[in-house]
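Subject: Handover of a structure, with notes

Dear colleague,

I am passing the structure below on to you, together with some notes on what was found in it. Please read them with the coordinates open beside you.

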Amino acid sequence: MIPGIISTVGRSLPALSRRDFLAAACALLLPQRPKGKLGLKPVSALSPIRFREVAQQAGLDFVLQNNPTPRKHMIETMAGGLAAFDYNNDGKIDIFFTNGAAIPSLEKDSPKFFNRLYRNDGGMKFTDVTLEAGVAGAGYSMGAAAADYNNDGYTDLFVAGVYRNILYRNLGNGKFEDVTEAAGIKSDKWSVAAGWLDYDNDGWLDLFVVNYAHWTPAFDRYCGDRERNLRVYCHPKYFEGLPNTLYRNRRDGTFEDVSKEAGILEHIGRGMSVAFADYDNDGFTDMFVTNDNLPNFLFRNRRNGTFEEVALEAGVALTNNGAPIASMGADFRDFDNDGLCDINLTALTGETFPLFRNLGKGSFLDATHISQLAQLSAARSGWSNGLFDFNNDGWKDLFTANSDVNDLIDLFQSTHYKQPNSLFANLGDGTFRDVSSDAGFTLARAHRGSAFADFDNDGKVDVVVSALGESAELWQNISPDPNHWLVLKLTGTRSNRDGIGAKIWVGHQFNHVTTAVGYASSSPSTVHFGTGKLEKIDRIEIRWPSGTVQVLQNVATNQTIEVREPMK
């Protein structure tokens with residue numbers, strides 16, 4: 001037993017623009033960084049990645065009711081966030097889905113509109129426990145964010161919605177209590193997503209809420225082709241953007257809106273998702289926000305309770321063509337094992353799924369073309385995304401949940417509304433390969449949110465995905481190679497209970513603790529590492545948000561370990 005550890009169970013692209021060409025050329029001239037601390041070489045033979053869809057036999061019968069209407073209200077196409085988390089602390093990851101409501105009332109006037117919580121019973125079987133848990137919800141819900149905000153050892157839940165946000169406190173007995181009003185959380189905007197972070201490193205999680213635009217059910221602009229009687233969802237340019245909201249945890253169960261004091265309120269966008277990481281390695285968490293057809297935001301933490309918006313100078317506000325895109329889902333994670341957090345986001349057909357490589361010293365390079373993702377993703381439209389090692393070879397692969405925004409797009413353009421999901425395998429040399437079909441992703445639907453977790457505790461990362469008007473999908477990872485793995489579950493004592501914001505080095509790999517992943521969705525705070533053929537990790541280093549550095553040695557793989565932060 002190691003001290004401090006408790007063992008537990010496409011389409012071709014047009015020629016590169018001059019700017020893209022220069023970016024690629026500059027990248028080739030940059031000094032090539034070693035691949036991690038152990039100098040790991042790129043994979044010589046790609047371990048296959050395989051999934052099978054098991055939602056029906058698993059008892060996961062949720063259908064996302066976005067309630068489409070002839071008036072094509074914008075909210076109808078943007079629903080679908082979800083959360084994967086262990087709400088009852090039984091070691092099995094449960095699933096929560098957000099759901100729509102009636103329009104124009106924005107009320108859940110029928111059980112079909114209830115948000116739904118499914119308890120994981122083990123063996124890839126789930127039971128709907130929505131009513132007994134008290135999380136059916138209210139209003140037209142969109143996003144979900146799960147974390148333990150009051151440090152009591154139970155994961156709480158925030159639901160973002162259209163003028164109806166909900167904060168649920170986990171009571172620890174299988175039930176949740178709606179504490180929205182008592183906690184000081186407002187519902188005065190159309191909120192799409194949210195995420196938990198400890199921006200001031202005080203050991204208590206704060207809440208960042210992503211807001212989209214001014215909209216009411218009275219909005220009735222006709223967009224589309226009147227002569228053909230083809231009405232579509234309006235372009236985002238017709239909706240005035242909003243600032244996002246930052247709530248500071250007062251440590252007494254209540255929150256204070258510090259958006260103005262922190263420098264968030266002055267930045268107007270059409271927010272879709274948020275992802276967190278300490279991209280400049282100064283010990284404080286920064287925030288990346290995707291904006292729909294507006295420049296993205298990168299809020300650099302000034303370490304004094306305020307943020308500076310630096311996306312343009314850092315190189316992540318726009319892609320290399322200099323125009324804003326329909327940025328949607330985001331993951332802020334190290335894809336190339338160099339210890340620096342990179343950024344991937346999704347967008348619409350022709351815009352690619354941009355990948356920004358962290359160069360250190362506060363700047364990023366648009367590596368979308370260099371990584372091959374430009375060519376691989378150009379013909380697809382993506383919503384949620386996640387960088388996870390699906391074949392346990394030591395390199396994070398990229399999953400994207402795909403679909404266009406407009407359900408009539410097939411009549412206007414040479415693309416499709418319903419699309420299969422994508423899986424891009426990381427080759428370990430800075431490039432990706434499309435393995436979607438081989439992996440089993442051929443089911444075309446209007447996919448939206450996604451979450452990533454090992455639902456059957458076999459050491460392989462599975463995926464759950466929502467789809468507008470259709471059944472949710474549960475993709476069980478059945479990749480055949482017997483590669484090894486390691487999962488870390490951190491418990492903070494001086495830091496926040498979930499260890500959110502902690503940085504972890506496992507051999508050559510780097511990752512960090514976050515639950516904000518993809519589009520309007522949330523994944524568990526546990527951190528998964530694929531270790532290839534390694535049966536033992538010589539050294540693991542954990543840097544807690546409190547500043548504590550913890551080192552573990554000679555750790556066996558193929559296990560989940562719980563690590564408690566040292567008191568000193």
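This is a predicted model: local features need pLDDT of at least 70, side-chain atom pairs count only at pLDDT 80 or more; totals for chains, interfaces and linings use all residues.

A502 belongs to the loop that runs between β32 (484–491) and β33 (503–506). Is A502 buried or exposed? With a relative accessible area of 0%, A502 is buried, because anything under 20% is counted that way. Once its neighbours within four places in sequence are left aside, A502 is in contact with L490, with N511, H512 and V513, and with R543, W544 and P545.

Apart from neighbours within four places in sequence, the contacts of T130 are N115, R116, L117, V135 and A136.

I103 and P104 are joined by a cis peptide bond, with omega at about 20 degrees, and P104 is located in the loop between β4 (94–97) and β5 (116–122). L106 is also found in the loop between β4 and β5, and its phi is near 60 degrees, a positive value in a residue other than glycine. L106 counts as buried, because its relative accessibility is 12% and the cut-off for burial is under 20%. R303, in the loop between β19 (297–301) and β20 (307–309), likewise has a positive phi although it is a residue other than glycine, here near 70 degrees. R303 is exposed, with a relative accessible area of 52%, a value that falls in the exposed class because that class begins over 50%.

Finally, there is the matter of open space. The second largest pocket holds about 470 Å³. Which residues are the closest to the centre of that pocket? They are H235, L348, D404, V405 and N406, out of the 25 residues that line the second largest pocket.

Notes
Residues are numbered from 1 along each chain as its sequence is written. Side-chain values use heavy atoms; hydrogens and water are left out. Helices (H or I, at least four residues) and strands (E, at least two) are DSSP runs, numbered from the N terminus. Buried means under 20% relative accessible area, exposed over 50%, partly exposed in between (1.4 Å probe, protein chains only). Contact means heavy atoms within 4.5 Å. On a 1 Å grid over the protein atoms alone, a cavity is a set of points where a 1.4 Å probe fits but cannot get out, and a pocket is an open set with protein on both sides within 12 Å along at least five of seven lines; lining residues have an atom within 4 Å of a point. Grid points are joined across faces, edges and corners, and a volume is the space filled by probe spheres set on the points.
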